[in-house]
Amino acid sequence: MFQCRRCRAVFYLPPLQAAELSRYYPDSYGRYRHSRAIDKKTYKGIRRFVLENYYGYPSPKGGKPSLFNRWAAFLLSFFMAKNAIPYRGEGNLLDVGCGGGSYLYRLKSWGWNSYGVEPSAVGAAQAHSLGLNVHHGQ
């Protein structure tokens with residue numbers, strides 16, 4: 001196991017083979033299932049306010065945020081929706097190892113063109129059940 005000194009990513013060299021990886025990701029792996037709360041994580045209220053007014057996510061109301069809203073959202077961003085990926089208009093996002101697609105589903109609901117790659121047939125099938133564009137394979 002190695003760690004990049006610059007970005008601190010941790011990885012194996014040589015990479016683990018599919019048979020070795022499958023021990024860590026059985027068909028019952030939790031990320032392959034959809035929780036009952038999947039639709040609750042669409043971020044409404046204050047979190048949605050921060051996403052729209054600070055991170056640039058599209059608003060159902062349209063228009064540009066006011067200076068006051070941008071300022072308020074900036075302050076709230078220290079507590080809500082921290083480290084969200086800024087939205088820059090038309091955005092494409094690829095999630096490698098997307099599991100059942102819960103994160104992609106959320107990003108799609110926020111306006112991203114979301115794509116995934118998932119080595120597990122169970123995970124890819126779950127993602128497809130959400131209507132996501134996910135490739136089963138590596």
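Is C4 buried, partly exposed or exposed? Select C4: C4 is partly exposed because its relative accessible area is 24%, where buried means under 20%, exposed over 50% and partly exposed in between, with a 1.4 Å probe and protein chains only. This is a predicted model, in which local features need pLDDT of at least 70, side-chain atom pairs count only at pLDDT 80 or more, and totals for chains, interfaces and linings use all residues. Residues are numbered from 1 along each chain as its sequence is written, and side-chain values use heavy atoms, with hydrogens and water left out.

**The cysteines**

C7 counts as exposed, at 54% relative accessibility. A disulfide is a covalent bond between the sulfur atoms of two cysteines. Here a disulfide is counted when a pair of cysteine sulfur atoms lies within 2.5 Å, and the count by this rule is zero. C4 is in no disulfide, and the cysteine sulfur nearest to it, that of C7, is 3.7 Å away. C7 is likewise in no disulfide, its nearest cysteine sulfur being that of C4 at 3.7 Å.

**The whole protein**

Now show the protein as a cartoon. The secondary structure comes to five helices and five strands, which are DSSP runs numbered from the N terminus (helices: H or I, at least four residues; strands: E, at least two). Along the sequence the pattern reads β-β-α-α-α-β-α-β-α-β. The C-alpha atoms fill a box of roughly 55 × 40 × 25 Å along the principal axes. Of the 138 residues, 29% are buried. Among contacts (heavy atoms within 4.5 Å) between residues at least 6 apart in sequence, 44% join residues at least 24 apart.

**Y32**

Select Y32, in the loop between α1 (18–24) and α2. Y32 is buried, with a relative accessible area of 4%. Then select G100, which is 68 residues from Y32 along the chain; their C-alpha atoms are separated by 4.1 Å.

**Helix α2 and a pocket**

Move on to α2, residues 46–53. R48, V50, L51, E52 and N53 are buried in this helix, and the buried residues of α2 pack against α3 (67–76).

Helix α2 also gives the largest share of the lining of the second largest pocket, four residues. On a 1 Å grid over the protein atoms alone, a pocket is an open set of points where a 1.4 Å probe fits, with protein on both sides within 12 Å along at least five of seven lines, and lining residues have an atom within 4 Å of a point. This pocket has a volume of about 300 Å³, the space filled by probe spheres set on the points, which are joined across faces, edges and corners. Select E52, N53, S59, G62 and G63, which lie nearest its centre among the 16 lining residues. By class the lining has five nonpolar, seven polar and four charged residues; Ala, Val, Leu, Ile, Met, Phe, Trp, Tyr, Cys and Pro count as nonpolar, Asp, Glu, Lys and Arg as charged, and the others, Gly among them, as polar.

**S114**

The last stop is S114, in strand β4 (residues 113–118). S114 counts as buried because its relative accessibility is 8%. Its side chain reaches the backbone oxygen of L104 at 3.5 Å. Leaving aside neighbours within four places in sequence, S114 is in contact with L93, L104, K108, L132 and N133.

Technical notes. A polar contact is a pair of N or O atoms within 3.5 Å; within protein, one must be able to donate a hydrogen and the other to accept it, and residues adjacent in sequence count only if both atoms are side-chain atoms.
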